[in-house]
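Have the sequence and the model open side by side, and let's walk through them together.

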Amino acid sequence: MHCRRIFLLAVSLGCLGTAFAHGGAMHANKETRPLSAEEHAFGREGDPKKVARTVRVGMADTMRFSPSELTIERGETVKFVVRNNGKVMHEMVIGTMKELKEHAAMMQKHPGMEHDEPYMAHVQPGKTEVIVWQFTKAGEYYFGCLVPGHFEAGMVGQIRVLAKGDRK
Ligand SMILES: [Cu+2]
């Protein structure tokens with residue numbers, strides 16, 4: 001259902017032409033539009049004014065994120081500064097493993113598909129993008145690169161969200 005919504009979004013954006021291609025002009029939108037109030041299993045879009053932590057994430061053509069394991073406290077608003085150190089396009093998409101798997105499968109089927117959501121960053125080689133996300137629920141979540149083939153090659157990391165007091 002989630003993926004279907006993204007797909008419909010992609011189709012409608014497709015009509016606007018290529019200016020909205022992957023990682024392009026949509027980011028201007030992202031900065032000026034109001035915060036999304038949409039609740040996901042893994043939280044909601046974070047308010048840039050309430051960032052509690054900044055986490056730098058690197059992406060490489062070895063199909064790895066670094067770091068690939070993150071521990072976050074429930075309620076924290078995290079600013080991810082995502083840098084692509086490679087020579088090909090990479091993405092960071094936050095989600096549950098089920099969502100990421102479904103979405104990766106869809107990206108394989110429709111490689112040119114355009115998608116953008118507050119929990120994604122599409123990063124051109126040598127560039128840096130930002131995601132601000134608030135993790136409202138404790139649990140095990142993931143972040144993956146959904147450029148076709150990358151997730152399947154192991155380009156995935158884990159985010160553990162701990163309830164206060166859980167940290168060992
Ligand atoms: Cu990638």
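**Confidence first**

The protein chain has a mean pLDDT of 84, with 80% of its residues at 70 or more; pLDDT is the predictor's confidence in each residue, on a scale from 0 to 100. Residues 1–28 have a pLDDT below 50, and beyond near neighbours in sequence this stretch makes 42 contacts in the model, a contact being heavy atoms within 4.5 Å. Where pLDDT is low, the predicted coordinates should not be read in detail.

Some ground rules: this is a predicted model, local features need pLDDT of at least 70, side-chain atom pairs count only at pLDDT 80 or more, and totals for chains, interfaces and linings use all residues. Residues are numbered from 1 along each chain as its sequence is written, and side-chain values use heavy atoms, with hydrogens and water left out.

Now for the backbone. Strands here are DSSP runs (E, at least two residues), numbered from the N terminus, and two of them pair if DSSP finds at least two bridges between them. Five strands make an open sheet in the order β1-β8-β5-β2-β3, with mixed pairing. At the edges stand β1 (44–45) and β3 (64–66), each with a single partner strand, so one side of each has no neighbour in the sheet.

Let's go through the pairings. β1 and β8 are antiparallel over two bridges, and Glu45 has Trp133 in β8 as its bridge partner. β5 and β8 are also antiparallel, over seven bridges, with Arg83 partnered by Thr128 in β8. Strand β2 (residues 53–60) and strand β5 (residues 77–84) run parallel and are joined by seven bridges; Thr54 sits opposite Lys79 in β5.

How enclosed is β8 by the rest of the structure? Largely, because five of its seven residues are buried. Buried means under 20% relative accessible area, exposed means over 50%, and partly exposed is in between (1.4 Å probe, protein chains only).

Another pairing to look at is β6 with β7. Strand β6 (residues 90–95) runs antiparallel to β7, joined by four bridges, and Met92 faces Ala121 in β7. In a regular strand the side chains alternate between the two faces of the sheet. Strand β7 (residues 120–123) has both faces covered: Met120 and His122 are buried on one side, and Ala121 and Val123 are buried on the other.

Two backbone details in the loops deserve a stop. The peptide bond from Ser66 to Pro67 is cis, with omega near -5°, and Pro67 belongs to the loop between β3 and β4 (69–73). In the loop between β2 and β3 you'll find Met63, which has a positive phi of about 65° although it is not a glycine. With 17% relative accessibility, Met63 counts as buried.

Finally, the aromatic rings. The structure holds five aromatic pairs: rings of Phe, Tyr and Trp (its six-membered ring) pair if their centres lie within 6.5 Å, and planes under 30 degrees apart count as stacked, over 60 as edge-to-face and the rest as tilted. Phe65 and Phe143 have ring centres 4.8 Å apart and planes at 65°, so they are edge-to-face. Phe65 is in strand β3 and Phe143 in strand β9, so the pair links parts 78 residues apart in sequence. Both Phe65 and Phe143 are buried.

Phe80 and Phe135 also form an edge-to-face pair, 6.2 Å centre to centre with 80° between the planes. Phe80 is in strand β5 and Phe135 in the loop between β8 (128–134) and β9, so this pair ties together parts 55 residues apart in sequence. Both Phe80 and Phe135 are buried. Elsewhere, Phe42, Tyr119 and Trp133 form one aromatic cluster.
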